[in-house]
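Subject: The structure, and what was found in it

Dear colleague,

I am handing over the structure below, and I would ask you to keep it open beside this message while you read. My notes on what was found come after it.

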Amino acid sequence: MFVDLIAWIFAIFFVEPFEAVAREKLAAARAPQEIVRQVGDCARRGGPILAEKGLADPGWIVTTVARIWMGTTRIEAVLADLDPNCAEAVQAARPFLQQ
């Protein structure tokens, strides 16, 4: 239950905003639909993955949240580090997200 709460918090404050911005940028850059789908799938898996990592290492989660809020790291980089499938999706989307 606590993991679900943490996952929900991450989804609301980090993952969903990332997914919305990423989809908007990818659509504007006319990225292939497969890349858009992969990034969306990655974002949806992100909340539970971040919650599990945060519960296992509370110091990591505090540091990561602070870095995201300060802008020294990006949520897609965090997701890519935690999930190899996200790493592939983020790498494929990166040229479109930087436009």
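Predicted model: local features only at pLDDT ≥ 70, side-chain atom pairs only at ≥ 80, totals over all residues.

The angle at which helix 2 and helix 3 pack is about 125°, and their axes are 5 Å apart.

The buried residues in helix 3 are Ile 61, Thr 64, Val 65 and Ile 68. Because these buried residues fall within an arc of 100° when seen down the axis of helix 3, they line one face of the helix. On the face turned away from that buried side, helix 3 carries the exposed residues Val 62 and Met 70.

Thr 64, which has its place in helix 3 (residues 58-70), deserves a separate look. Its relative accessible area is 7%, and because buried means under 20%, Thr 64 counts as buried. Leaving aside residues up to four places away in sequence, Thr 64 touches Thr 73 and Val 78. Just after helix 3 you will come to Gly 71, which takes a positive phi of about 85°.

Helix 2 (residues 33-56) also crosses helix 5 (residues 84-97), at roughly 130°, and their axes come within 9 Å. That angle makes helix 2 oblique to helix 5. The contact is made on the helix 2 side by Ile 35, Gln 38, Val 39, Cys 42 and Arg 45, and on the helix 5 side by Asn 85, Cys 86, Ala 89, Ala 92, Ala 93 and Phe 96. The crossing in which helix 2 passes helix 5 is left-handed.

Finally, please turn to the loop between helix 1 (2-28) and helix 2, where Arg 30 lies. Although Arg 30 is not a glycine, it has a positive phi of about 55°. Most residues other than glycine have a negative phi. Is Arg 30 buried or exposed? With a relative accessibility of 75%, Arg 30 counts as exposed.

Methods: Residues numbered from 1 in each chain as written. Heavy atoms only, no water. Helix = DSSP H or I, 4+ residues; strand = E, 2+ residues; numbered from the N terminus. Buried < 20%, exposed > 50% of the residue type's maximum accessible area, 1.4 Å probe, protein only. Contact = heavy atoms within 4.5 Å. Arc of directions from axis to C-beta. Axes fitted to C-alpha atoms, helices over the stretch in contact; angles between N-to-C directions. Parallel < 35°, antiparallel > 145°, perpendicular 65-115°, else oblique. Left-handed = near helix turned anticlockwise from the far one by under 90°.
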